[in-house]
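Take a look at the protein chain below. Then we'll walk through its overall build and one of its strands.

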Amino acid sequence: MCALSLIVSGLFHNAMAAETVYPLTLENCGRQITFKRAPARTVSIGQSSTEILYLLGLADKVRGTALWVGPVLKGYEEVNAKIERLADNDPSFESVLSKKPDIVTVQFQWQVGPEGVVAKPEQFEELGIAVYTSPSDCMGKENSAAGDGVRHQVFTMDLVYQEVRDLAKIYDVQEKGEEVVADLKRREAAARAKVASVEGRLSAVFWFSSAQQDADPYVAGKNGAPGYIMSALGIENIIKTDEEWPTVGWETIARANPTMIVAGAMNRRRYPLDSIEAKRKFLDADPVASLMPAVRSGHVFDMDAQAMNPTIRTIEGIEALADAIAGAGLVK
């Protein structure tokens, strides 16, 4: 690299890592939020939002967490064990307030949003508590109706990188934020390269869960995080709807004949088919699903369900599926 390039690169890095000037005002999910200083007490509702804070080295600022799908990021088990979990699923408004936060970070608007089951942002703001919502759950997505929402624009990791950078700026740790983003981009590029030869030859369906044993499964629409994973690896998604997690019958899935089924593995137990063991038992016994070539050939791959959400774990999903495809001999 020439001397001029080194100078320009250094100036750019310094600009990105500049210290935060308070008061700081950010645009977030159609609202303006202002911080007079770096937050000292945080409640994080949503596993991904919590894990981003951990990656930024901000665990000491977190007073409580909620809404967990699976195990915490590897390497953060001891850190996470020291922080109170207010609820595995939906925390109460009162339990959040009991931690006296000056900011609540939110992964999903169905928790804290216009129709939030925990609260509306205004309820926190009236008490002087800022609410920061993951851009991946509001930008290009409509959450006003019941269910998991409709994503009108294709999700990309840029939305997650925006969250990382926003939080880094809010807490004045911009340099660490850039390190986190750079590492995630490097890992994605390596996973893409591993299976570059499959471009256009494979198809898949991502199965998150099913509300009942005999209910149609929740599968991934075309514009969410699984769509990004499949696009990154050159795989066709057989589900074409804009809905985030539509229910689709196994007969319809079987007719589309995907090369593989990617099944969500999680600790959550809201529905009978949340566990990966229950999913595999269903696939082996169901009269329709059991006859699918993907099932009969063993092309059913487990994936941490958190990677199926638009989160930092989506990169883990790309890595895991690339490894599974290579291990199954589907790379030629």
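Here is a quick briefing on the whole chain and on one strand.

This is a predicted model, where local features need pLDDT of at least 70, side-chain atom pairs count only at pLDDT 80 or more, and totals for chains, interfaces and linings use all residues. Residues are numbered from 1 along each chain as its sequence is written, and side-chain values use heavy atoms, with hydrogens and water left out.

**The whole chain**
- You'll find 12 helices and 14 strands here (DSSP runs numbered from the N terminus: H or I of at least four residues for helices, E of at least two for strands).
- The chain's radius of gyration, 21 Å, agrees with a compact globule, because 332 residues would give a value near 20 Å (taken over C-alpha atoms; the rule is 2.2 Å times the number of residues to the power 0.38).
- Of the 332 residues, 52% count as buried (under 20% relative accessible area, with a 1.4 Å probe and protein chains only).
- Roughly 60 × 60 × 35 Å is the box that the C-alpha atoms fill along the principal axes.

**Strand 6 and its neighbours**
- Strand 6 covers residues 103-106 and is covered on both faces: I103 and T105 are buried on one side, V104 and V106 on the other.
- In a regular strand, side chains alternate between the two faces of the sheet.
- Strand 3 (residues 42-45) runs parallel to strand 6, joined by four bridges (pairing takes at least two DSSP bridges).
- Strand 7 (residues 130-133) also pairs with strand 6 in the parallel sense, over four bridges.
- T105 stands opposite S44 in strand 3, and its bridge partner in strand 7 is Y132.

Definitions and conventions. Buried < 20%, exposed > 50% of the residue type's maximum accessible area, 1.4 Å probe, protein only.
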